[in-house]
Amino acid sequence: MSNTLVVFYSRADENYVSGMLKQLDIGNTEVAAGIIRELTDGELFKLEQVQSYSKDYNECIAEAQADQKRNARPELKRYPDTIEGYDTIYLGFPNYWGTMPMAVFTFLEHFDFDGKIIRPFCTHEGSGMGSSVNDIKRLCPGAKVEEGLAIRGSSVKNSKKDIENWIK
């Protein structure tokens, strides 16, 4: 078993990319997570909500923003059996209004991350990491939360070199 876990939340379907709506078969964060898995030989785990957001972009953002305003913790379909054997956890997500989607909060509150290294990465279309690193530090006070990597979603397929440099 690898001691690296790559956990990510990603959304395919209709997405905002380079100023326009585009249909994505694979979400941008999932593309980045795949590159990280390849470079680290880590194990991949996708976070999925029991109640998925709409495939329509505008409906999705309204649903996700309502969850954020309520400070909701959407139920996840499943969790890794354990995070015990992992030293480093790469945590990926799209930036939703300056932080992580609420489903990522659900995941972080489910486990004890004491002694773990968390390396956050996000995809965005101009807002960078926002307050997500501080939010992770607040939720996981016993973890070492390292500097995050913000990847513009529209260029994620060409980001392997940037990801490689960040991993080093």
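**Close-up views of a predicted model**

View 1. Glu14 has Gln23 in strand 3 as its bridge partner. The model is predicted: local features need pLDDT of at least 70, side-chain atom pairs count only at pLDDT 80 or more, and totals for chains, interfaces and linings use all residues. Residues are numbered from 1 along each chain as its sequence is written, and side-chain values use heavy atoms, with hydrogens and water left out. Strand 2 and strand 3 (residues 20–24) run antiparallel, joined by 5 bridges. Strands pair if DSSP finds at least two bridges between them. Helices (H or I, at least four residues) and strands (E, at least two) are DSSP runs, numbered from the N terminus. The hairpin leaves 2 residues between its strands, and Ser18 in the turn has a positive phi of about 50°.

View 2. Ser54 sits in the loop between strand 4 (43–47) and helix 2 (57–70). Ser54 counts as buried because its relative accessibility is 15%; buried means under 20% relative accessible area, exposed over 50%, partly exposed in between (1.4 Å probe, protein chains only). Leaving aside residues up to four places away in sequence, Ser54 touches Arg11, Glu59, Cys60 and Glu63 (contact: heavy atoms within 4.5 Å). A polar atom of the Ser54 side chain lies 3.0 Å from the backbone nitrogen of Asp56. Phe113 is 59 residues from Ser54 in sequence and 31 Å away in space, C-alpha to C-alpha.

**View 3. The largest pocket.** The space in the largest pocket is about 440 Å³. Its lining has 20 residues, and the closest to the centre are Tyr16, Tyr57, Pro94, Asn95 and Tyr96. A pocket is an open set of points on a 1 Å grid over the protein atoms alone, where a 1.4 Å probe fits, with protein on both sides within 12 Å along at least five of seven lines; lining residues have an atom within 4 Å of a point. Volume is the space filled by probe spheres set on the points. Helix 2 gives the most to this lining, with 4 residues. By class, the lining of the largest pocket holds 8 nonpolar, 10 polar and 2 charged residues. Ala, Val, Leu, Ile, Met, Phe, Trp, Tyr, Cys and Pro count as nonpolar, Asp, Glu, Lys and Arg as charged, the others as polar.

**View 4. The second largest pocket.** The volume of the second largest pocket is about 260 Å³. Among its 13 lining residues, Tyr9, Ser10, Arg11, Ser52 and Tyr53 are the closest to the centre. The lining divides into 4 nonpolar, 4 polar and 5 charged residues.

Definitions and conventions:
A polar contact is a pair of N or O atoms within 3.5 Å; within protein, one must be able to donate a hydrogen and the other to accept it, and residues adjacent in sequence count only if both atoms are side-chain atoms.
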